[in-house]
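The briefing below goes through one protein chain, topic by topic. Please keep the sequence and the coordinates at hand while reading.

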Amino acid sequence: MMIRRLVQLFTGLAMYGISLALFIRAGLGLDPWDVFHQGVAGKTGLSIGVVVIIISFLVLLLWIPLRQRPGFGTLCNAVLVGVFADVGLALIPSFSHLGGQIAMLGGAVVLNGIASACYIGARFGPGARDGLMTGLTRRTGWSVRLSRTLIEVVVLGAGWLLGGSVGVGTVVYALAIGPLVQLLLPYFMVPAALGKTVDPKSGDRAGQSEVATS
């Protein structure tokens, strides 16, 4: 079962990075955190994958006052999503016509949902951004939804000001990803007795712990 969990974790993180590349190539808007990543990448000249990795570790520093503990999956998430995002961008071409862009956006959303269900279901720990959300919830007593909304409004606004891509894809992602992960998660969830280290609602990125209950 451990081999299955590891394969599921790494496959999920690889697919998550590729889905980010698909969102970017679609050119129709990104999810809030990736709007921020893209904005920072545009201002610094770094690749978006490198920015994802750097921001992940900076967010992990915010876990310290929240008394959050990273898991194995947390650290893998912090590195591998960015690596595979850059790999995807190197391999996936852009589309100049709307039909291709819409198809790529749809594929990105579906792939992201599968990826999220994979790595959350592996039960190896939340991603940096979701750990920030759940830690803030625990320390303040706010609901998960309120904590997530406040964080994503801040990063979306900052990313937009930095030049990140906000568009119809941002809205589609926000509406679709929660129901999609909730639908898929039962097929990928490792039984609790075999993955005791993680609450299934606390998985990453991308990941996306709370999306599974949105």
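**Helix geometry and packing**

The model is a predicted one, and its local features are reported where pLDDT is at least 70.

**Helix α3**

- The buried residues of α3 are Ile 48, Gly 49, Val 51, Val 52, Ile 55, Ser 56, Val 59, Leu 60, Trp 63 and Leu 66.
- The cover over these buried residues of α3 includes α1, α2, α4 and α6.
- Just after α3, the backbone at Arg 67 takes a positive phi of about 60 degrees.

**Helices α5 and α6**

- With 24 residues, α5 reaches 34 Å from its first C-alpha to its last, which is close to the 34 Å expected at 1.5 Å a residue, and just after this helix Arg 123 takes a positive phi of about 60 degrees.
- With 13 residues, α6 reaches 18 Å between its first and last C-alpha atoms, close to the 18 Å expected at 1.5 Å a residue.
- The buried residues in α6 include Ala 128, Arg 129, Asp 130, Gly 131, Leu 132, Met 133, Thr 134, Gly 135 and Thr 137, and what covers the buried residues of this helix includes α2, α3, α4, α5 and α7.
- Just after α6, Gly 141 takes a positive phi of about 85 degrees.

**Nonpolar core**

- The largest nonpolar core holds 54 residues, and those with the most contacts inside this core are Leu 9, Phe 23, Trp 33 and Val 59.
- The elements that give two or more residues to this core are α1 (2-26), α2 (32-44), α3 (48-66), α4 (72-91), α5 (98-121), α6 (128-140), α7 (144-161) and α8 (168-188).
- Phe 23, when residues up to four places away in sequence are not counted, touches Leu 28, Gly 29, Leu 30, Leu 105, Ala 108, Val 109, Asn 112 and Tyr 173.

**Aromatic pairs and charges over rings**

- The count of aromatic pairs comes to five.
- Because Trp 33 and Phe 36 are three residues apart in helix α2, they are separated by about one helical turn, and both Trp 33 and Phe 36 are buried.
- Ring pairs link Phe 10, Phe 72 and Phe 124 into a cluster.
- The charged end of Arg 5 sits over the ring of Phe 124, 4.1 Å from the ring centre, while Arg 129 lies over the face of Trp 33, at 5.3 Å from the ring centre.

**Residues of α7 and their relation to Trp 33**

- Glu 152 is found in helix α7 and counts as buried because its relative accessibility, 19%, is under 20%.
- Leaving aside its neighbours within four places in sequence, Glu 152 is in contact with Pro 32 and Trp 33.
- Ala 158 also lies in helix α7 and is partly exposed, with a relative accessible area of 27%.
- The C-alpha atoms of Ala 158 and Trp 33 are separated by 9.6 Å, although these residues are 125 residues apart along the chain.

**Cysteines**

- How many disulfides does a search of the whole structure find? The search finds zero disulfides.
- Cys 76 is buried, with a relative accessible area of 12%, and Cys 118 counts as buried at 5% relative accessibility.

Definitions and conventions: Residues numbered from 1 in each chain as written. Predicted model: local features only at pLDDT ≥ 70, side-chain atom pairs only at ≥ 80, totals over all residues. Heavy atoms only, no water. Core = buried A, V, L, I, M, F, W, Y, C linked by side-chain atoms within 4.5 Å. Buried < 20%, exposed > 50% of the residue type's maximum accessible area, 1.4 Å probe, protein only. Helix = DSSP H or I, 4+ residues; strand = E, 2+ residues; numbered from the N terminus. Contact = heavy atoms within 4.5 Å. Expected span 1.5 Å × (residues − 1). Disulfide = S-S within 2.5 Å. Phe/Tyr/Trp six-rings, centres within 6.5 Å; stacked < 30°, edge-to-face > 60°. Lys NZ or Arg CZ within 6 Å of the ring centre and 35° of its normal.
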